[in-house]
Amino acid sequence: MKKILILGAGLVAGPLVRYLLDRPDFSVDLRDVEEDKAGRLIRSHPRGTAGALDIQDENRLRKEISRSDLVISMVPYVFHPRIAGICLELRKNMVTASYAGPEMKALDAEAGRAGVLLLNEMGLDPGIDHMEAMRIIHEAKTRGGRILAFTSYCGGLPAPEDNTNPFGYKFSWSPRGVLLASGNSARFLRDGEVVSLPAGEVFAHPETINIPGLGDFEAYANRDSLSYVETYGIPETRTMLRGTLRYDGWCRTLRKIGELGLLDRTSRRWSARNFGGFIRELMPGPGAPEIKDAVSRALALEPDSDIIRRLEWLGLFGGDPLPLAEGSPLDILVARMTEKMSYAEGERDMVVLRHTLDMSSPRGKAERVTTTLVDYGIPGGDSAMARTVGLPAAIGARLILEGKIARTGVHIPTSPDIFVPILNELKELGIRFVEKRVSL
């Protein structure tokens, strides 16, 4: 029996754990800094164990990894290189759902020498997005086609019927991760021109994207898209843009939240004991007597603007007690948003992922391929985000343990031996794309 160590029992771990425990040839050791969270997912399963583990405790971490046949890391990405280093020492394969950053990529040669596979970006975005993109690109290249333009947008959002707060957003994964991502800069290629947007300007340039049956969404560029020209093997493309989808108003609001200083990660002690006092303390200068008016002036907004109404709904101008006496503005915002913007029992989230590729055939014909994934959470069950992040990682782990992915080094799912079987199984599990093709 193969033993799998899963590190992290967060919001997206449930489908991952159950998928693997449903396979009689696998056992699962689930470890989290909070043992109760792990226990709720294992549920006394005869082939599962739950326990507490602090990732910073390297001796204990090494001991846990040594007892496993494969490690799946679902903890924050900053810990992955350290975990991967131990996996290399002990010659254990590893799967993550996070971006393969420079520290991880630097382990490629060592992993190859050790005969170890470090398979990253096995979630939704990154993950399923790569797989579906490469499916289309691979088919086009096989026929001698060329990719002229590639755009991709993905969002995890409340289902329309449960879009019930002024922000148009609820948290189906790490709230801190969502807000930190809002501080990313962006670079992309459009019509042969490189466009660079600093972190403060990304939200200033949203586009409107229509998803049939769902309506219009805000779309904004995310991170560095240029590297994917090489990753996807399409040097001929004149457009390469990967971005994020949100309901209307998100970009304008997050931009002003950043201007207010609420995304600052600098920790300090606050003399204020409530949110109104905290905002007053955060703002420079005396401002207006009323905190709402002071914020409106500072952000150059009318007091009855939709953005001010969102901040007021969040309770930032009122007398509710601060959740922390010491911490960063971001910490306090995360705590408040988690309290006010989480899913209620029975509510559904929604994942939307859309790729658009313009391509030409060897005969000179051009066509546009649009492929769209829309997946909904199950009321009282798994969220769409948990399914689309956890299941690709679980399937990838199974394929590795069964010897069906026979690679070493640092990889992401852009080769057919990885993405073909995973996409096929996801389709069987109800996670499928709808493709449309039109001539240009």
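In this predicted model, helix H11 covers residues 275-282 and helix H14 covers residues 329-340. Their axes come within 12 Å and cross at roughly 150 degrees. An angle over 145 degrees counts as roughly antiparallel, and H11 and H14 are therefore roughly antiparallel to each other. The crossing in which H11 passes H14 is left-handed.

Which residues make the contact between H11 and H14? From H11 come Phe275, Phe278 and Leu282, while H14 supplies Pro329, Ile332 and Arg336. Sorted by class, the contact of H11 with H14 consists of five nonpolar residues and one charged residue, with no polar residue.

Rolling a probe the size of a water molecule over the atoms shows where empty space is left. The second largest pocket of this model has a volume of about 310 Å³. It is lined by 15 residues, and those closest to its centre are Pro212, Thr370, Thr372, Val434 and Lys436.

Which strands each supply at least two residues of this lining? They are strand S17, spanning 366-376, and strand S19, spanning 433-439. S17 gives the most to the lining, with six residues.

The lining of the second largest pocket can also be described by residue class. Eight of its residues are nonpolar, five are charged and two are polar.

Technical notes. Residues are numbered from 1 along each chain as its sequence is written. This is a predicted model: local features need pLDDT of at least 70, side-chain atom pairs count only at pLDDT 80 or more; totals for chains, interfaces and linings use all residues. Side-chain values use heavy atoms; hydrogens and water are left out. On a 1 Å grid over the protein atoms alone, a cavity is a set of points where a 1.4 Å probe fits but cannot get out, and a pocket is an open set with protein on both sides within 12 Å along at least five of seven lines; lining residues have an atom within 4 Å of a point. Grid points are joined across faces, edges and corners, and a volume is the space filled by probe spheres set on the points. Helices (H or I, at least four residues) and strands (E, at least two) are DSSP runs, numbered from the N terminus. Ala, Val, Leu, Ile, Met, Phe, Trp, Tyr, Cys and Pro count as nonpolar, Asp, Glu, Lys and Arg as charged, and the others, Gly among them, as polar. Axes are lines fitted to C-alpha atoms, for helices over the stretch in contact, and angles run from 0 to 180 degrees between N-to-C directions. Angles under 35 degrees count as roughly parallel, over 145 as roughly antiparallel, 65 to 115 as roughly perpendicular and the rest as oblique. A crossing is left-handed if the near helix is turned anticlockwise from the far one by less than a right angle, and right-handed if clockwise. Contact means heavy atoms within 4.5 Å.
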